[in-house]
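Please consult the sequence and the structure shown here.

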Amino acid sequence: MSINDIRKLDTGRVLRAVMCAFTAAFLIGALFAPDVKEIFTGLWRICTLPAQLTKDYFKPEIGSISGTMLNYALVGAVCCALMFLPEAKVNGGTVLGYFLTVGFCSYGMNILNIIPLMLGVAVYALIKHQRFGKFLNFYMFATAVAPIITQVLFYYPNMGETPQLSLLGVALSLLIGVVVGCTMPALCAHSPGFHKGYDLYNAGPAAGFLCFLLFAVLYKTLGVEAPAIAATLGEGNRAYVNVFCIVVFALCVVCGIVLNGGLGDYGKLFMDSGYKSDFTAKYSAGANILNIGVYGLFIMLYYNLIGATFTGTTMGAVFCMLCCCCNGATPFNVFPIMIGYVIMGLLNKAGVTAFAVNAQAIVVGLCFASGLAPISGEYGIIAGTVAGMLHYCLVTSVPAIHGGFNLYNGGFTAGIVCFLFVPVLEHYFKSKSQRKQQ
């Protein structure tokens with residue numbers, strides 16, 4: 001097939017191939033990891049040890065780099081297989097779901113704890129008398145509460161030091177899977193009313209409130225002692241993460257330029273406000289792939305400049321942040337959000353704020369704060385900067401609501417920021433779209 005033939009293909013088909021290529025890259029990354037001898041034992045620990053926020057799968061006591069990359073590849077393969085189901089339509093939301101799901105494969109999610117949740121969505125499809133492929137994106141979004149599946153499978157109700165599989169745990173995990181699978185589609189449909197389209201992580205508020213309910217019922221209501229929220233982090237591997245990410249993102253840049261025959265319409269995509277935008281419907285496949293590469297390199301540049309520790313959690317944050325690249329996020333509209341985080345980080349040096357800009361919680365927080373990109377796209381740099389600062393203030397406090405079991409914690413926080421901030425913006429200022437109409 002020639003380049004011209006590929007250019008004529010539907011954008012969804014091309015992006016599906018790109019996501020399959022990323023899955024293959026994860027597998028190659030696993031085979032070339034420095035601790036490849038620990039690939040299977042590391043994966044076993046990842047699947048059986050507690051996954052509550054935040055557990056660094058690169059840390060030898062929890063997993064291994066090779067086991068983490070294999071986990072990426074396996075979960076990615078499941079997501080890609082779903083894209084070939086009849087009536088499965090690949091769009092910007094699919095790209096979001098794929099990178100968001102694999103992003104958590106280095107902290108919180110694994111090939112085991114996603115299964116009950118995806119089965120729950122399959123049950124939903126049967127109840128609605130629809131083909132399984134029609135709910136492609138929801139299979140991935142339902143995995144937001146994956147840590148709670150690990151918890152009930154091996155550590156509920158009595159938290160022990162070693163994992164113990166029980167019939168109660170299996171039954172509870174399947175029940176939770178059905179509850180989540182059958183409610184997430186409905187909740188996600190109503191989420192835009194909560195954030196008015198300004199939170200690109202639309203499933204964040206849905207998952208946040210649902211996990212809040214699950215946590216309250218399983219622990220608070222039944223009087224079961226909840227596990228403490230505590231981060232377990234390793235030393236990371238700066239060289240490995242940088243080499244892997246920079247290579248794959250650079251290849252995306254080259255691929256995008258080749259498919260476009262140059263920059264093509266990427267300039268328009270780059271300057272898009274990101275508000276209620278599906279780039280796969282508005283721009284060419286080449287422009288979308290180019291944005292994956294450019295945005296990915298932009299993220300790596302930021303994390304290197306602030307001196308982030310490249311743990312598995314940081315690597316996951318890179319891909320979680322990348323996920324909105326075909327759904328509204330560009331370096332242009334995310335940059336003001338970053339400025340807000342950097343300002344708050346500088347205040348830490350003055351003793352005003354509690355967290356440095358390169359603290360692990362803030363590194364992860366920024367990745368989801370990027371979901372507020374439509375605010376800077378529609379209301380300008382200052383509004384975007386303030387939105388980033390507000391997200392910084394809230395993101396470390398929200399886990400207490402859901403017990404640390406909601407992987408979309410930052411997306412949930414972004415929804416809360418929108419709930420508080422967007423009405424004020426709408427009351428006092430006009431958006432870019434409104435100014436154009438006038």
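Is Lys 196 buried, partly exposed or exposed? With a relative accessibility of 37%, Lys 196 counts as partly exposed; buried means under 20% relative accessible area, exposed over 50%, and partly exposed in between (1.4 Å probe, protein chains only). The model is predicted: local features need pLDDT of at least 70, side-chain atom pairs count only at pLDDT 80 or more, and totals for chains, interfaces and linings use all residues. Residues are numbered from 1 along each chain as its sequence is written, and side-chain values use heavy atoms, with hydrogens and water left out.

**Helix α11**
- Helices are DSSP runs (H or I, at least four residues), numbered from the N terminus.
- The 23 residues of α11 (residues 238-260) should span 33 Å at 1.5 Å a residue, the expected span being 1.5 Å times one less than the number of residues.
- The end C-alpha atoms of α11 are 32 Å apart, which agrees with that expectation.
- Among the buried residues of α11 are Tyr 240, Phe 244, Val 248 and Cys 252.
- The buried residues of α11 pack against α1 (3-7), α2 (11-31), α4 (65-82), α14 (285-305) and α15 (312-322), where contact means heavy atoms within 4.5 Å.

**Positive phi**
- Gly 261 follows α11 and has a positive phi near 70°.
- Lys 196, in the loop between α9 and α10 (203-221), has a positive phi near 60°.
- Lys 276 has a positive phi of about 50° and is exposed, at 64% relative accessible area.

**Cis peptide bonds**
- Leu 53 and Thr 54 are joined by a cis peptide bond, with omega near -5°.
- The bond from Tyr 156 to Pro 157 is cis, with omega about 5°.

Key: Helices (H or I, at least four residues) and strands (E, at least two) are DSSP runs, numbered from the N terminus.
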